[in-house]
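Colleague: I am new to this structure and should be grateful for a guided reading. May I put some questions to you once it is in view?

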Amino acid sequence: MNSDTRYIFSTGELFQKDFSIVFRKEDGNIYFPVKDTRELYCFNEVTLSTKLMQLLAKAGIVVHFFGYYENYIGTFYPKEYLLSGRLTVAQALAYGNNRLTVAKPIVCGTAKNIHFVLYHYYRHGKSDLKEFLDWLHKSVPKLVDDTGDIKQLLRIEGAIWAGFYQTFREILPESFAMNKRVKRPPDNPINALISFGNTLLYTKTITEIYHTHLNQTISFLHEPAERRFSLSLDLSEVFKPILVYRTIFDCVNNRKITVEKHFNKSLNYALLNDAGRKTFIEAFDERLNQTFEHNTLKRRISFKQAIRLDGYKLIKYILEGKKFVPFCMEDKK
Amino acid sequence: MLTGTLVNYYTHCRRQCWLFYHHINMEDNSEDVRIGRVLHELKKQDKKEIALEGIKLDKLTAEYVTEIKKSDADIPAAMAQLEYYLIVLRDKGIMRKGRLECIEKNKQNKSIHTLTLTEERMGELKKEYRSIEEFLNSDVPPPPPKIKPMCKKCAYFEYCFI
Ligand code: SF4
């Protein structure tokens, strides 16, 4: 796996040795060189010292902690190394004066990327999807355009996702199709996958925003008070269909993940088990690191970089007034 | 306040100069930079530099102020920076000539360049510095030009052309 992200699944202890982070577990040590580690995930009980945290802080390594039941505990956020007073002030002003100008394109972009994902199934014979696809394509931009109010915009967004969940009956096997999206705690396999996938993407986005000057708490579509890193909720939105859901559809439809083998039976299959978690992360990471030719930069970039580039676009809107258009799978920019 | 680096960037690319001044400095993902940053943070080794009011001199001798650059990619920008040093020193009554040393020489056939300030040039430069300061206080940076060869190696490339 070509990646600067390290996942820790077993219990153990993290400490520093020379220029490496060492993970000591029952059956031996693993070394992560500092210079090519950007992000750590801890999915189990891990002990770490202040001294290691000092190293993590200095090297700008973000650490995300999860409980044993996939629940997100929090993020160790190293001290900021990219700060611009001017941008922070401008970002707050943009929230006050132009909130919808940023929020609307996020909703439209989400609809576009859902359209992209579903269109694939439509082309492969799922003709019942046509109505929803047309709605996404024709009605949503108008609805978004006409609204002058954030609450209404959020309702449109809610309708987009609800409509998307409805289509799962068409594209997923019965054991995974769902009736209702239940978030906390998830109550069935598909909700478990969605929750876990969304949280992974949320944390990845936190790391990408860390490497920009943006303030993580000032968001536009979501209320700034919603989470500690609410801007990450905003910027991850358009990537959910193409990163989280495509990974889910791929894992489920190609039987890489099955209800019997990859979910926790004693918890009524409402959570992934160890094997399921690993399989999902592997598939998700692979997609994240997949590269494509960027349409305007004329360079190959990965989806992970695309998330950071959306951060740059937001900076450019805030600082220079350039229209904010988040990542769109169709035009790959 | 102006610094030598800002004068250098102003000559090299005005957009870069504005962004840098407003602390919109980009993460550089290249491995060298990352290693450098980590080592620097961990060791905080102090380089032998002479620092006064916004200028950091690599070397100061009885005759010369010397600026050492890794490459000779943008000599005019490096010379502008050197001129700035000479003027700051002169304002303090220290008269020197300037000397630029490039460690790698790719484009030029000599690696050492020298310069002497004339009264006339000084007048011009003072005016220019005022206009740089004005420029830096403008509300928005100048838009990126068409992609130039130098952009491809610039840390701002993605930010500029996304
Ligand atoms: S990419 Fe080009 S235009 Fe942008 S800051 Fe760098 S040199 Fe200037």
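Predicted model: local features only at pLDDT ≥ 70, side-chain atom pairs only at ≥ 80, totals over all residues.

Colleague: What is the radius of gyration of chain A, and what would a compact globule have?

Modeller: A compact globule of 333 residues would have a radius of gyration near 20 Å. The C-alpha trace of chain A spans about 55 × 55 × 40 Å along its principal axes. The radius of gyration of chain A agrees with the globule value, because it comes to 20 Å.

Colleague: How many helices and strands does chain A have, and what share of its residues counts as buried?

Modeller: The secondary structure of chain A consists of eleven helices and ten strands. Among contacts in chain A with a separation of 6 or more, 63% are between residues 24 or more positions apart. Of the 333 residues, the share that counts as buried is 56%.

Colleague: Which residues does UniProt place under the feature "binding site", and what is the largest C-alpha distance among them?

Modeller: The unreviewed UniProt entry places this feature at A:Glu157, A:His222 and A:Glu237. They are spread over 81 residues of sequence, yet they cluster in space, with a largest C-alpha distance of 11.0 Å.

Colleague: Where does A:Glu237 lie, and which annotated residues does it contact?

Modeller: A:Glu237 lies in the loop between helix 7 (230-236) and helix 8 (239-253) of chain A. A:Glu237 is buried, with a relative accessible area of 2%. Leaving aside neighbours within four places in sequence, its contacts include A:Ile106, A:Thr110, A:Trp161 and A:Leu221. Its contacts also include two residues that UniProt places under the feature, A:Glu157 and A:His222.

Colleague: How far apart are the end C-alpha atoms of helix 6 of chain A, and how many of its residues are buried?

Modeller: Helix 6 of chain A runs over residues 189-210, and at 1.5 Å a residue its 22 residues should span 32 Å. Its end C-alpha atoms are 32 Å apart, which agrees. The helix is largely enclosed by the rest of the structure, because the buried residues number 22 of the 22.

Colleague: Which residues does A:Gly197 touch, not counting residues up to four places away in sequence?

Modeller: A:Gly197 is in helix 6 of chain A and counts as buried, at 0% relative accessibility. A:Gly197 and A:Arg287 are 90 residues apart in sequence, and their C-alpha atoms are 12 Å apart in space. Beyond residues up to four places away in sequence, A:Gly197 touches A:Val244 and A:Phe280.

Colleague: At the start of helix 10 of chain A, which residue has a side-chain oxygen that reaches the backbone nitrogen of A:Ala275?

Modeller: Helix 10 of chain A comprises residues 274-289, and its reach of 22 Å from first to last C-alpha is close to the 22 Å expected. Its buried residues include A:Arg277, A:Phe280 and A:Arg287. In the loop between helix 9 (259-262) and helix 10 is a residue that counts as buried at 19% relative accessibility. Its side-chain oxygen comes to within 3.2 Å of that backbone nitrogen, and the residue is A:Asn273.

Colleague: Which side chain forms a polar contact with that of A:Glu70?

Modeller: A:Glu70 is in the loop between strand 7 (62-66) and strand 8 (72-76) of chain A. A:Glu70 is buried, with a relative accessible area of 8%. Among the residues it touches are A:Phe196, A:Leu271 and A:Leu272. The polar contact has a length of 3.4 Å, and the partner is A:Arg277.

Colleague: Which residues of chain A are in contact with B:Tyr159?

Modeller: B:Tyr159 is in helix 6 of chain B, residues 157-161, and is buried at 0% relative accessibility. In chain B, leaving aside neighbours within four places in sequence, B:Tyr159 is in contact with B:Arg15, B:Leu19 and B:Met26. In chain A, its contacts are A:Tyr312, A:Ile315, A:Lys316, A:Leu319 and A:Glu320.

Notes:
Residues numbered from 1 in each chain as written. Chains lettered and ligands numbered in written order. Heavy atoms only, no water. UniProt positions renumbered as here; feature names shortened; annotations may be inferred. Helix = DSSP H or I, 4+ residues; strand = E, 2+ residues; numbered from the N terminus. Buried < 20%, exposed > 50% of the residue type's maximum accessible area, 1.4 Å probe, protein only. Contact = heavy atoms within 4.5 Å. Expected span 1.5 Å × (residues − 1). Polar contact = N/O pair within 3.5 Å; in protein donor to acceptor, adjacent residues only side chain to side chain. Rg over C-alpha atoms; globule rule 2.2 N^0.38 Å.
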